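Biologist: I'd like to learn how to read a structure like this one. Could you take me through it?

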Amino acid sequence: MNDERRTSIGEDASVASGHFHRILMPLISLTLFFVAIAAIHHLLTEVSYPQLVAELKALSWNQLLLALLFTASSFTALIGYDWSALAYIGRKLPFPTVALGSFCGYAISNTVGLSILSGGSVRYRFYLSAGLDAADIARVSVFSVLALSLGIYLVGAAALVIHPAVVDSFFRIPPGVLRWIGIAALVLLFALVVFIFVRRARIKIGPWDLQIPSGPVTVVQLVVSVIDIVSA
């Protein structure tokens, strides 16, 4: 009797959770849609149509084509974030699903901001129907944010090594010192990648137990991040 009662309670909770998600997620999506519209409206208040036309006419065809090329390159690289994240969590999805989910997720999050929430909710709509659960989608979103941060770290360190004079006026630090800081940062990142290849460790932060990505996934994601950032 008690088992039947527990089963009934569990089924009722499952049904209630299902109704909750069916109501909550469309509501979040609708809210983010209006937030995106408001953000775009705010961005466009300082730009008039005649001004836009004049700016475009002032550009050469080579500049326009290069702009389109690098935009396409950046958005193509963005697909790599989700592909690497799915490889990290051990899930596979059809490429068209990953490409569409990634493109729409980043198009919204790059405009609205709050990438984990805005981009994550868009991915939720695409990837949930493809077989992922909420926990998988959350891991994909967090992985993408951390991967972008690591890419910024790599590009920033390389910039200090190649052209430190660009930022010496901001920090009031001699270019030679900045170059050595960049070298140290790159050595640290290289050591981390070597460590990942040698040993796949786990990191425990409070209640979270995180598995470090494999070496190949880490290298691919670093390449993807550099292409994305440099193209942008």
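Modeller: Let's go from the overall layout to a helix, a core and some ring pairs.

Biologist: Where did this model come from, and how are its residues numbered?

Modeller: This is a predicted model, where local features need pLDDT of at least 70, side-chain atom pairs count only at pLDDT 80 or more, and totals for chains, interfaces and linings use all residues. Residues are numbered from 1 along each chain as its sequence is written, and side-chain values use heavy atoms, with hydrogens and water left out.

Biologist: What is the mean pLDDT of the protein chain, and where is confidence lowest?

Modeller: pLDDT is the predictor's confidence in each residue, from 0 to 100. Where it is low, the predicted coordinates should not be read in detail. Here the chain's mean is 77, and 77% of its residues reach 70 or more. Confidence is lowest in helix α1 (residues 2–44), at a mean of 62, and highest in α3, at 87.

Biologist: How many helices and strands does the chain have?

Modeller: Both are DSSP runs numbered from the N terminus: helices are H or I, at least four residues, and strands are E, at least two. This chain has 9 helices and 2 strands, in the order α-α-α-α-α-α-α-α-β-β-α.

Biologist: Which residues of α3 are buried?

Modeller: Buried means under 20% relative accessible area, exposed over 50%, and partly exposed in between (1.4 Å probe, protein chains only). An α-helix has 3.6 residues a turn, so residues three or four places apart point the same way. In α3 the buried residues include Ser-74, Ala-77, Leu-78, Tyr-81, Ala-85 and Ile-89. Across the chain, buried residues make up 27% of the 232 residues.

Biologist: How do I read the aromatic pairs?

Modeller: A pair of aromatic rings is described by the distance of the centres and the angle of the planes. Rings of Phe, Tyr and Trp (its six-membered ring) pair if their centres lie within 6.5 Å; planes under 30 degrees apart count as stacked, over 60 as edge-to-face and the rest as tilted. The structure holds 2 such pairs. Phe-75 and Phe-103 have ring centres 5.0 Å apart and planes at 45°, so this pair is tilted. Phe-75 lies in α3 and Phe-103 in α4, so the pair ties together parts 28 residues apart in sequence.

Biologist: And the other pair, stacked or tilted?

Modeller: Stacked, because the rings of Tyr-88 and Phe-143 have planes at 25°, with centres 5.3 Å apart. Tyr-88 is partly exposed at 23% relative accessibility, whereas Phe-143 is buried at 10%.
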